[in-house]
Amino acid sequence: MQGKTTCVEVVSAYQDRIQVFDKASGLNAITVLNPDALDEAAILDERISRGELIGPVFSGPLLVKDNIDTVGLETTGGSSMLKGHPSSRDAFIIEQLSARGAIIIAKTNMAEWAFSPRQTLSCSFGRTANAYALDRVPAGSSGGTASGIAASFAVLGIGTDTGNSIRGPASHLSLFGLRPTLGLVSRMGIVPLVFDRDIAGPLTRTVADGARLLTAMAAVDSADSYSLDPGRPTGVDYLEAVDPEGLTGRRIGVLRALVKPEDTDPEILSLFNAALRDMEKAGAVIVDPVAIDNFTAHQEADNFCPRFGYDLQVYLSARFGGMFRSTWPTFWHWEHMARIRGFGIHLNTSRISLQMSHHVTGVHPVPTLISIQAARLSARMSLPRLMLHSSTQLSIQPGFSRPLPLLGPTKPMAATTVRRFLLRLDCLPQPFRWAGKQTGSPWAFNSWLVLGLKMFCLP
């Protein structure tokens, strides 16, 4: 810092902005402000005055999704059943970020239990709107973080992603989002949807800020077996890889099977093709098309969440200890009663998933998982094989094939070709960059057609 401002002034300005705009505008991205943020900022100011080097995200105003444990701040996972029962521990990634100087400004709303990729609607904090079009959805389930960052409520945001929950909101809110490689970021202290597919990642306005945040989040966690992979990178500064000339010579494959004209809005298709031409002008080699072997079989394979109840029981047992283990059946009875009274949002989806996961006894749903894991492994191998055979470093397709839906009652989301296939590629790093059409400010948006570029690359 150059002495032009202080950490306290920065944090105060963001919290003031939240208080002025979030509820009054109808955005509703924020669930709770951090009452200790100014005290934490004052401590950083004191350390800076002593000449201490604090870290890559020092004084970075941070928004944290409601399914990530934070001491003293509500963590409900979007369910009213966890409201009023705060966690006594920080998630591992929160410990890492705090040690590197980030300051949590607030927690953000999410889709209940992270089930919905379509919108951000919880029975604990209500519905979140799109910061650029308040009558439209921000996608889900990390829509609160995405809308909060788009509305300049903070600089850095954390979402979580199982099938689309970082990449979808990044598409709808003109942000950079990244689903990291599994194992790069710890999953401990995060309310699970599917524990072996869940991962936290950055949502930011710029690629550089996303790289800074990932650098601070990525660390080996002895409690998370995935992060103990001996092949995982350690001590990497991802900001060093941000290169304005980075597209030069890169071969990018276009997955046209995921961009079918009959399934894609014509203007979105036009924007996507224009984005390909822009990348070509920037030095990329566009390989169009590339095709995945047995694509239809991958597309139609089962990808549901049969272990949700089991994983949630493991998480809640760790969070609440023995007190919870003896009340697991009662917990779901009250969860069901809350839904009957009109507070629950995704009753049918959650109920089916819980039944499939034998939630009352907490039995691991092994037979169902074996078939799903086999389908996932086959799909995960198909893309690296394709990239090897086509000599490409990236593959690309639109984030969504249709314009933003209006806010409204929850409707079943059609399992689009794009979504059905992407759910199986969960071990690969998936950067997301907006490349669409936008005019105006977060409070005066007059174009609801957006296009995100969703990319896959090898670890």
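In what sense do strand β2 and β3 pair, and over how many bridges? In this predicted model, strand β2 (residues 61-65) runs parallel to β3, and the pairing covers five bridges. On this side, Leu63 is the residue that stands opposite Ala106 of β3.

Strand β3 has another partner too. Strand β1 (residues 30-33) pairs with β3 in the antiparallel sense, this time over three bridges. Here Leu33 has Ala106 of β3 as its bridge partner. Strand β3 itself, residues 103-108, is mostly covered, with six of its six residues buried.

Next comes the helix between these strands. Together, β2, α3 and β3 form a β-α-β unit, and its hand is right-handed. Helix α3 has several buried residues, namely Phe92, Ile93, Ile94, Gln96 and Leu97. Those buried residues pack against quite a list of elements: β2, β3, β6 (156-161), β8 (199-204) and α6. Just past the end of α3, Gly101 adopts a positive phi of about 100°.

Two packed helices are described by the angle between their axes and the distance between the axes. For helix α3 (residues 92-99) and helix α6 (residues 207-217), that angle is about 110°, and the axes are 8 Å apart. This makes α3 roughly perpendicular to α6. On the α3 side, Ile93, Gln96 and Leu97 meet Leu213, Ala216 and Met217 of α6. Sorted by class, this contact has five nonpolar residues, one polar and no charged ones.

A few spots in the backbone also stand out. Most residues other than glycine have a negative phi, and most peptide bonds are trans. Trp113, though not a glycine, has a positive phi of about 55°. This tryptophan sits in the loop between β3 and β4 (121-122), and Trp113 counts as buried because its relative accessibility is 1%. Ala139 is another non-glycine with a positive phi, about 65°. Ala139 belongs to the loop between β5 and α4 and, at 0% relative accessibility, counts as buried.

The loop between β5 (126-127) and α4 (143-150) also holds Ser141, and the peptide bond from Gly140 to Ser141 is cis, with omega near 5°. A cis peptide bond likewise links Asp288 to Pro289, again with omega near 5°. Pro289 lies in the loop between β10 (285-287) and α8 (295-300).

Key. Residues numbered from 1 in each chain as written. Predicted model: local features only at pLDDT ≥ 70, side-chain atom pairs only at ≥ 80, totals over all residues. Heavy atoms only, no water. Axes fitted to C-alpha atoms, helices over the stretch in contact; angles between N-to-C directions. Helix = DSSP H or I, 4+ residues; strand = E, 2+ residues; numbered from the N terminus. Parallel < 35°, antiparallel > 145°, perpendicular 65-115°, else oblique. Contact = heavy atoms within 4.5 Å. Nonpolar A, V, L, I, M, F, W, Y, C, P; charged D, E, K, R; others polar. Buried < 20%, exposed > 50% of the residue type's maximum accessible area, 1.4 Å probe, protein only. Pairing = 2+ DSSP bridges. Right-handed = clockwise from strand over helix to strand, strands pointing away.
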